[in-house]
Amino acid sequence: MTRHFSNVISSEDREAIRKTFKEKYEDHTEVDVNFSIDQSMKLEKYVKKSDIIYPHILDENGDLNTNSTYEFLKQLGDIYNWSKYEPELAISEENNIILQDYAELLLRWMNGNSLHQLCDFMIQYRKKELNFLDRSQKIRDNYGKINWCGRRNNSLDESNLSIYVLLKALDTIQFKFGNYFLKFSHALMKERQIDKLENDWYQYVEYGATDKNVIWLEQLGYARNSAFAIANSELNIILTDELGNKVLLRNRIEELKRPEIIDETERIIKNYPDLFISEAD
């Protein structure tokens, strides 16, 4: 890359640039293309000097811990400099409640709400908060341009719009927030010299669950809805063997009478045959 500038940058200029980077970043490098060096350095320093951790999903009353989650997201916004890198998430005079919106949806997703439940929540919530999760109305405007044709009285279908906003927000949660949580989790584990976090929001976002059985089932290859159906079934499909390892009762999976789960099981059993047993075993 530097050869393209060799004719316009002198050797003195190159040395001055190297010196500036050396003074600012020392020997720090960043291999993750999703982050800049200054973001990584600030995260390292913040984790070292503070006791920051992920909040609990539920508060002491058993309700979604939205206030603590909002404050935590604000902290992340400061650490990662979202005002520069993620202006649509950053707190500003024009956009001062977007993180409150995301805190609400984020907790519902991690706490295991199904897509059907989230759709119902969005449709009902946006009846009283018209621009929930779309405070700038950019999604509304773009959606309207695409969907005016054939609408009576030029009116948007608010239910469909709400579902569209939900899907866009879930995409942000899984990919943007997910990347930031992954980086944060790694920084915490490195600083505290541990291999695993008890309350790892990166994992919760990735699998849309806090239940260890659900996460285990998804890791095997079951879809999120299937994993919840198996884990929450009254048939007690998941057992622990004499060595403390989890196993699945295949015949009880069949008793669920869910064709999609049976199909998934047939595929997964090829890779993990030892995890499936019958009651006769």
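Predicted model: local features only at pLDDT ≥ 70, side-chain atom pairs only at ≥ 80, totals over all residues.
Figure 1. The protein chain has 13 helices and three strands. Of its 281 residues, 40% are buried. The chain exposes about 17,400 Å². Carbon and sulfur atoms supply 47% of that area.

**Figure 2. The largest nonpolar core.** This core has 72 residues. Phe181, Phe184, Trp201, Tyr222 and Leu248 have the most contacts inside it. Helix α8, residues 158–192, gives the most to the core, with 13 residues. In soluble globular proteins, nonpolar side chains tend to be buried together.

**Figure 3. The surroundings of Trp201.** Which residues does Trp201 touch, not counting residues up to four places away in sequence? Tyr54, Pro55, His56 and Ile57 are among them. Thr69 and Phe72 also touch Trp201. So do Leu106, Leu107 and Met110. Trp201 and Phe181 are both among the residues with the most contacts inside the largest nonpolar core.

**Figure 4. Helix α3 and its packing partners.** Helix α3 covers residues 66–79, 14 residues in total. From its first C-alpha to its last, α3 reaches 20 Å. That is close to the 20 Å expected at 1.5 Å a residue. Thr69, Tyr70, Phe72, Leu73, Leu76, Gly77 and Ile79 are buried in α3. An α-helix has 3.6 residues a turn, so residues three or four places apart point the same way. Against which helices do the buried residues of α3 pack? The partners are α2 (37–49), α4 (82–85), α5 (98–110), α8 and α9 (201–207). Just after α3, Asn81 takes a positive phi of about 55°.

**Figure 5. Two aromatic pairs that share Phe177.** The structure holds 19 aromatic pairs. Trp82 and Phe177 form an edge-to-face pair. Their rings are 5.9 Å apart, centre to centre, with 80° between the planes. Trp82 is in helix α4 and Phe177 in helix α8. This pair links distant parts of the chain, 95 residues apart. Both Trp82 and Phe177 are buried. Tyr102 and Phe177 form a tilted pair. Here the centres are 5.4 Å apart and the planes make 55°. Tyr102 lies in helix α5 and Phe177 in helix α8, so the pair ties together parts that are 75 residues apart in sequence. Tyr102 is buried, and Phe177 is too.

**Figure 6. One aromatic cluster.** Trp82, Tyr102 and Phe177 belong to one aromatic cluster. Phe72 is one of the buried residues of α3.

**Figure 7. Arginine ends over aromatic rings.** The charged end of Arg108 sits over the ring of Phe121. Arg108 is 3.9 Å from the centre of that ring. The charged end of Arg224 sits over the ring of Trp109. For this arginine too, the distance to the ring centre is 3.9 Å. Arg224 is one of the buried residues of helix α11.

**Figure 8. Helix α11 within the structure.** Helix α11 covers residues 224–231. Six of its eight residues are buried, so the helix is largely enclosed by the rest of the structure. The buried ones are Arg224, Ser226, Ala227, Phe228, Ala229 and Ile230.

**Figure 9. Positive phi in two loops.** Leu133 lies in the loop between α6 (115–128) and α7 (138–147). Its phi is positive, about 65°, although Leu133 is not a glycine. Is Leu133 buried or exposed? Leu133 counts as buried, because its relative accessibility is 5%, under the 20% cut-off. Gln193 is in the loop between α8 and α9. Gln193 also has a positive phi, near 55°, and is not a glycine. Gln193 is exposed, with a relative accessible area of 74%.

**Figure 10. Ser40 and Phe184.** Ser40 is in helix α2. Ser40 is buried, with a relative accessible area of 4%. Along the chain, Ser40 and Phe184 are 144 residues apart. Their C-alpha atoms are separated by 9.4 Å. Phe184 is among the residues with the most contacts inside the largest nonpolar core.

Methods
Residues numbered from 1 in each chain as written. Heavy atoms only, no water. Core = buried A, V, L, I, M, F, W, Y, C linked by side-chain atoms within 4.5 Å. Buried < 20%, exposed > 50% of the residue type's maximum accessible area, 1.4 Å probe, protein only. Helix = DSSP H or I, 4+ residues; strand = E, 2+ residues; numbered from the N terminus. Contact = heavy atoms within 4.5 Å. Areas by Shrake-Rupley, 256 points an atom, 1.4 Å probe, with all protein chains shown as cover. Expected span 1.5 Å × (residues − 1). Phe/Tyr/Trp six-rings, centres within 6.5 Å; stacked < 30°, edge-to-face > 60°. Lys NZ or Arg CZ within 6 Å of the ring centre and 35° of its normal.
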